[in-house]
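Biologist: Could you take me through one part of this model in detail? I'd like to look at the charged side chains and how they pair up.

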Amino acid sequence: TARMAYTDGRWSPAGLEELAAIQSAALAFGYRLSRYHHQRTGEDFLILFEDEAAALRRHWGTYVFRLGPARGYLVQVPRPLYEINSFEYGVSLFERLKARALMVAGADPGANLDGSANLVRLEHLRSLFSLVNQVVLRESGDDPMLVIHSRARGYRPELPQLPIDALLSVVGEVGSSSLSHPLIQGLVGML
């Protein structure tokens, strides 16, 4: 994992070999792995993205992993094109929370006739988006992670408009103690 192969802004030789192997595997699917250093903040990232020059485009999404110090947040944007401003807000959350990872879906939810591009439906869990989610959660080990979906609410004239700007749904440890968890408090405080 990157935790062991990347320390103090440097990659170990074994880590660089592992990155090369990941890059080769990504290329087989028309994806690229890029190491990115942000000049202003000095932060380093790994970005897994689809190569626009690939002969076959899969539209499986883009994945950004913050290296070095990060907080236990995983920000997901499952409908960046379909839900207006959800992409921009998700990127803002990723930056403001100093989140560990950002996942951005690559296709409109109605792109495939079988509905498989609709990543928020339970029957479509077999996707790269879901796999990356599982790996990030698994690799967090005992460190707590809070998964955040950046979504937009649509207007429906037949339903009353809710006077709220955000919806927080806690799955797992439900109770008053879960709402006082530092990750949830950090999110609520930032909102």
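Are both Arg79 and Glu83 buried or exposed?

Modeller: Both Arg79 and Glu83 are buried, where buried means under 20% relative accessible area, exposed over 50%, and partly exposed in between (1.4 Å probe, protein chains only). Before going on, a word on the source: this is a predicted model, so local features need pLDDT of at least 70 and side-chain atom pairs count only at pLDDT 80 or more, while totals for chains, interfaces and linings use all residues. Residues are numbered from 1 along each chain as its sequence is written, and side-chain values use heavy atoms, with hydrogens and water left out.

Back to your pair: Arg79 and Glu83 form a salt bridge, their closest N and O atoms 3.5 Å apart; the term means a side-chain nitrogen of Lys or Arg within 4 Å of a carboxyl oxygen of Asp or Glu. Searching the whole structure turns up five salt bridges.

Another one joins Glu43 to Arg66, with the closest N and O atoms at 2.7 Å. That pair links distant parts of the chain, 23 residues apart: Glu43 sits in the loop between strand 3 (31-37) and strand 4 (44-50), and Arg66 in strand 5 (residues 62-67). Strands here are DSSP runs (E, at least two residues) and helices are too (H or I, at least four), numbered from the N terminus. Glu43 counts as buried at 15% relative accessibility, and Arg66 does at 1%.

Arg66 also meets Glu95 in a salt bridge (3.6 Å, N to O). Here Arg66 in strand 5 is tied to helix 3 (residues 86-97), which holds Glu95, 29 residues apart. Glu95 is partly exposed, at 31% relative accessible area. Through shared partners, salt bridges join Glu43, Arg66, Glu95 and Lys98 into one network.
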